[in-house]
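User: I am new to this structure and want to learn how to read its features. Please take me through them one at a time.

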Amino acid sequence: MSTPPPEMHWSRWGDPAEAGPLSESAFALVDAFIGTADTPAVDPASVRLSAVLGQELLDELAGIVGVEHVLTDHDSRLHRTRGKSTPDMLKLRAGDGSDSPDAVVRPGTHDEVAALIAWAVERHVAVVPFGGGTSVVGGLVARREGYAGVVSLDLVRFDKLLAVDTDSMTATLEPGLRGPAAEALLAEHGLTLGHFPQSFEYASIGGFAVTRSSGQSSAGYGRFDSLVVGLRVATPQGGLVLGNSPANAAGPDLREVVMGSEGAFGVVTAVTVRVRRLPAVKVYESWRWDSFAGGATAMRTLAQAGVLPTVLRLSDENETQINLAKPAEVGGDSGGGCLMITGFEGTQEAVDAKRAAVTALLTGLGGAGLGEDEGWSSGRFHGPYLRDSLLDVGVLVETLETVTFWSNLHRVYDAVKSALTSALGEGTLVLCHISHVYETGASLYFTVAAKQADDPIAQWMGAKAAASDAIIDNGASITHHHAVGQDHKPWLAREIGPVGVQMLRALKQELDPSGVLNPGVLIP
Ligand SMILES: Cc1cc2nc3c(=O)[nH]c(=O)nc-3n(C[C@H](O)[C@H](O)[C@H](O)COP(=O)(O)OP(=O)(O)OC[C@H]3O[C@@H](n4cnc5c(N)ncnc54)[C@H](O)[C@@H]3O)c2cc1C
């Protein structure tokens, strides 16, 4: 068992104790570039939620999980309303809680989850699995029309490390464990998962698996889906246990069907992952490149030479100028050009050897080493708090991401930037970085800031649609790691084509024929 983090702020990112205004330097920068206005959130008690589930249904739920695990109070439902995208926040800040669950239910065992799903099928109630609540793609917004109600299935009680196998270097974790709790439990065995997305402090193990998450150390440890070796899932058709071997040829790999399924096919109740020994040494360094293109070529060279550090990130010129790689220092002057961060983790010998190889390659390609950099890792999880401070002063800020092959990278970069600036108009800031690389390509992660219009949700949805069109029109993927949710469905359909859509619908129809699991999410 582990201690959960403090309940996330109802309309902001993270720990309410960390919420605060922009620093003076950041405010001055934003005021000069974009302009500011006072745009406070409503009082949480005044947010309008959906009606509470009927008493008969609540009694039945209590019969499955115990009355103390069926919650209908305003706060519990408010905290499980939507996820943490900017439109999600803007709606709540304006008092719109219409996507709230009608009840929150907290099962504690696989069998209770299975019983809840059977109940939902019988009563035709929509079920939204809730891990950390950090979805940024509408993954927690179920369609409610045609259902007798909507229930949030909160996995918070699934908080145990179930097994550790140090011969095979695997561990089985319950899905409701948040990042820090999972790492703390593994650390007791001298192990780490090495998965550190920016949402690490709140996102859950189950959420990582079903959204195919990718963390800042993906170059060294791999994407989350590459760490998963086994899964236990409760579906309306019964239980599914996958992953009895490190690799096999036993037909298509069904784990791949569960990873990325976003609660639409079943509820993950256990995840077996590959683990590593806790690193003895961690070193981060900064490099400067004259241009984004030069830095990107260096990243490609490292990936294709097989000498990737554990962390590898390159900010474009705009992101370097704002210094978003180090959120604690936003507004600082980082000297122009493009900032690259490299990080090395492992034994002293392994770190020394990898660092020497990377340094030789980067120097040879024209990079200028700026020395060791602790500022990057220490401020890393502060970034998301900035968005809320900006929303408070009338600035629209949101992120989006994509992935493509190296040969197409700059075309996609230019197309997305231009789509965003055309949609949002003069004064829009578009920043970008690369932080996940492969031998064949890389992701592009954009941060956008503009002055809020009268209807900032419509303003962003228009810009997001333009950027998504640019992504698909230029042959990239609609998402590298944020997943599909409700928001990316139209572009997923274009990406995978009619046969791909048919395959997804067939899986949904077989596994969840009455459509109670996360209706409206993932399946175009
Ligand atoms: C500030 C911020 C930074 C972020 N940074 C990153 C990043 O660096 N890398 C990255 O990959 N993502 C990032 N994200 C996106 C998000 O954190 C990930 O998608 C994360 O994996 C979601 O995990 P969660 O536990 O919060 O899932 P939730 O938001 O609770 O759920 C996500 C989806 O999965 C379903 N689900 C959750 N748990 C289960 C389960 N056990 N079984 C079945 N379905 C389930 C939900 O119904 C929903 O559809 C970020 C988000 C924010 C707000």
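User: How many aromatic pairs does the count come to?
Analyst: A pair of aromatic rings is described by the distance of the centres and the angle of the planes. Rings of Phe, Tyr and Trp (its six-membered ring) pair if their centres lie within 6.5 Å; planes under 30 degrees apart count as stacked, over 60 as edge-to-face and the rest as tilted. The count here comes to 6 aromatic pairs. One of them is formed by Phe 200 and Phe 381. Their centres are 5.5 Å apart, with 25° between the planes, and the pair is stacked.

User: Which parts does this pair tie together?
Analyst: Elements first: helices (H or I, at least four residues) and strands (E, at least two) are DSSP runs, numbered from the N terminus. Phe 200 sits in the loop between strand E9 (191-192) and H7, and Phe 381 in the loop between helix H14 (374-379) and helix H15 (383-392), so the pair joins parts that are 181 residues apart in sequence.

User: What should I know about the model itself?
Analyst: This is a predicted model: local features need pLDDT of at least 70, side-chain atom pairs count only at pLDDT 80 or more, and totals for chains, interfaces and linings use all residues. Residues are numbered from 1 along each chain as its sequence is written, and side-chain values use heavy atoms, with hydrogens and water left out.

User: Which residues come nearest to the ligand?
Analyst: A residue is near a molecule if one of its heavy atoms lies within 4 Å of it. There are 35 residues around the ligand, and Pro 129, Thr 134, Gly 139, Ser 199 and Ser 204 come nearest. By class, the shell has 14 nonpolar, 19 polar and 2 charged residues. Here Ala, Val, Leu, Ile, Met, Phe, Trp, Tyr, Cys and Pro count as nonpolar, Asp, Glu, Lys and Arg as charged, and the others, Gly among them, as polar.

User: What lines the largest pocket?
Analyst: On a 1 Å grid over the protein atoms alone, a cavity is a set of points where a 1.4 Å probe fits but cannot get out, and a pocket is an open set with protein on both sides within 12 Å along at least five of seven lines; lining residues have an atom within 4 Å of a point. A volume is the space filled by probe spheres set on the points. The largest pocket holds about 500 Å³ of space. Its lining has 25 residues, with Arg 212, Gly 260, Val 484, Leu 492 and Leu 522 nearest the centre. Helix H10 (255-258) and helix H18 (489-511) each supply at least two. H18 has the largest share, 5 residues.

User: How many cavities does the count come to?
Analyst: The count comes to 6 cavities of 30 Å³ or more. The second largest cavity holds about 130 Å³. Its largest lining share, 4 residues, comes from E18.
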